[in-house]
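Thank you all for coming.

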Amino acid sequence: MTITYTAEVATCRGFGCFLKLLLRWRGSIYKLVWLDLVTFLSIYYTLNLIYRFVLDEEQKNYFDGLVIYFNSYANLIPLSFVLGFYVSMVMTRWWDQYLTIPLPFSISVLVSANIHGQDEGGRLMRRTIVRYVCLCITMVFINISPRVKRRFPTLQQLVEAGLLTENERAIIANMNERFPRPSKHWMPIVWAASIVTRARKEGRIRDDFAVKSMIDELNKVRLKCGILSEYDTISIPLVYTQVVTIAVYSYCFATIMGSQWRDYDDEINGFSIPLNFPFFATLQFFFYMGWLKVAEVLINPFGKDDEDFEVNWMVDRNLQETYMIVDFMHDEHPELVKDQYWDQVFPSELPYTEETKEFREQPPKSSTADIEVQKTPSKTSVDIKTVGTRSLIL
């Protein structure tokens with residue numbers, strides 16, 4: 001479920017608007033990184049204890065050489081560039097997938113406005129078309145989301161939920177037996193298009209343009225469903241994901257070795273800290289590993305992470321609101337009355353309450369509104385040559 005915090009930062013005043021968000025646990029970077037951070041510090045202190053209490057002088061010298069080596073060459077790993085570009089790609093893919101999720105509301109409005117008839121036949125056509133659209137979207141969610149798959153593991157659960165009838169389930173099951181490989185999520189869209197054509201033949205749709213508009217909207221739903229399926233089957237190339245993962249973990253291991261506190265450091269600084277805390281190394285690990293965890297969470301937004309999309313809620317909302325549009329609200333609207341600005345055509349300003357008068361705002365100015373230009377009379381010179389009885393103005 002997506003974690004929402006926009007209401008808490010709607011107004012930025014005072015010191016540290018985002019600091020209030022740092023104490024959150026659900027959906028936080030701490031929840032993602034803490035286990036890796038514990039592992040990082042455990043390995044660090046294990047090596048530190050071995051160095052101080054197990055190794056002899058000769059082995060300590062060899063260990064010191066390794067620390068210097070890792071500390072000198074760890075920065076040769078181009079981690080910021082590789083990881084930053086990868087996370088940017090994942091974020092773009094995540095947002096594009098959200099925008100691609102098909103919504104059944106445009107086709108519901110078209111169906112309600114163009115398929116006429118208050119009888120049982122007209123109502124049945126309108127409800128069946130939007131049900132088929134919702135069924136198509138749900139079947140795609142079943143293919144790409146583990147949560148929806150567990151909710152509807154078989155076609156029978158779709159029948160129990162009211163998205164399928166027994167006859168329709170038998171048709172899809174028969175198609176799955178004959179052609180098991182391709183997904184059949186597009187079949188309800190074909191059925192819906194057939195009902196639109198039938199409604200036109202029966203005169204429930206009054207013009208061909210309305211038919212074309214509904215067919216086009218059905219095709220948009222089908223197209224978006226197909227794109228979502230392609231996002232699920234075509235991932236970011238595995239080699240890139242492997243390169244980024246190897247880069248992050250190798251850099252973290254190099255940081256563990258390169259940040260080890262040695263006896264030589266104690267002598268230079270003039271004091272001894274038996275088990276020092278690698279503060280800046282921990283910060284580096286936290287930021288880079290957190291960046292990688294962001295990519296891991298967002299690369300598939302239809303899973304069970306805190307920031308994944310609420311697909312089960314979308315399934316419920318789609319069917320509820322589409323039925324409301326095409327049935328409950330069909331041919332129903334408030335009584336037509338004159339609005340309060342009928343005589344003055346439009347209001348000069350909408351009213352404010354006493355509590356909101358301070359929020360009254362002036363209309364925005366353009367960037368050149370305050371520039372004053374000196375007004376000078378225009379001068380034009382006209383040369384007139386008379387040729388015979390004709391005047392040519394040049």
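Which residues make a nonpolar surface patch of about 570 Å²? The patch is made by F277, F279, F280, L283 and F287. Before I go on, please keep in mind that this is a predicted model, in which local features need pLDDT of at least 70 and side-chain atom pairs count only at pLDDT 80 or more, while totals for chains, interfaces and linings use all residues. Residues are numbered from 1 along each chain as its sequence is written, and side-chain values use heavy atoms, with hydrogens and water left out.

For the patch, the rule takes residues with over 30% relative accessible area and no salt bridge, joining like charges within 9 Å and nonpolar side chains (Val, Leu, Ile, Met, Phe, Trp, Tyr) within 5 Å. The accessible areas come from the Shrake-Rupley method with a 1.4 Å probe, and for residues only the protein chains shown count as cover. F279 counts as partly exposed because its relative accessibility is 46%; buried means under 20%, exposed over 50%, and partly exposed in between, with a 1.4 Å probe and protein chains only.

Let me turn to the charged side chains. A salt bridge here is a side-chain nitrogen of Lys or Arg within 4 Å of a carboxyl oxygen of Asp or Glu, and by this rule the count comes to 17. One of them joins the side chains of K31 and D306, at 2.9 Å from N to O. This pair links distant parts of the chain, for K31 is in helix α1 (residues 29-53) and D306 is in the loop between α13 and α14 (311-328), 275 residues apart. K31 is partly exposed, at 33% relative accessibility, whereas D306 is buried, at 18%.

Another salt bridge brings together the side chains of E202 and R204, at 3.2 Å from N to O. Here E202 counts as partly exposed, with 41% relative accessibility, and R204 counts as buried, with 17%. Salt bridges that share partners join D119, R198, E202 and R204 into one network. A further example is D370 with K365, whose closest N and O atoms are 3.6 Å apart, and both of these residues are exposed.

Now we move inward. In soluble globular proteins, nonpolar side chains tend to be buried together. In this model the largest nonpolar core has 82 residues, of which L83, F141, L158, I205, V244, V248 and F302 touch the most other members. A nonpolar core is a set of buried Ala, Val, Leu, Ile, Met, Phe, Trp, Tyr and Cys residues joined through side-chain atoms within 4.5 Å.

Which helix gives the most to this core? It is α5, residues 120-144, with 14 residues. Since 19 of the 25 residues of α5 are buried, this helix is largely enclosed by the rest of the structure.

Not counting residues up to four places away in sequence, F302 touches several residues, including Q97, F141, L228 and F309. Q97 itself is found in helix α3, residues 79-100, and is buried, with a relative accessible area of 3%. Leaving aside neighbours within four places, Q97 is in contact with L228, Y231, I299, P301, F302 and F309.

V345 has a positive phi of about 75° although it is not a glycine; its place is in the loop between α14 and β1 (384-387), and V345 is exposed, at 66%. R206, in the loop between α9 (187-201) and α10 (208-233), is also exposed, at 63% relative accessibility, and its C-alpha atom is separated by 7.4 Å from that of N114, 92 residues apart along the chain. G258 lies in helix α11, residues 238-258, and is buried, at 13%. Apart from neighbours within four places in sequence, G258 is in contact with V67, F70 and N71.

Methods. Helices (H or I, at least four residues) and strands (E, at least two) are DSSP runs, numbered from the N terminus. Contact means heavy atoms within 4.5 Å.
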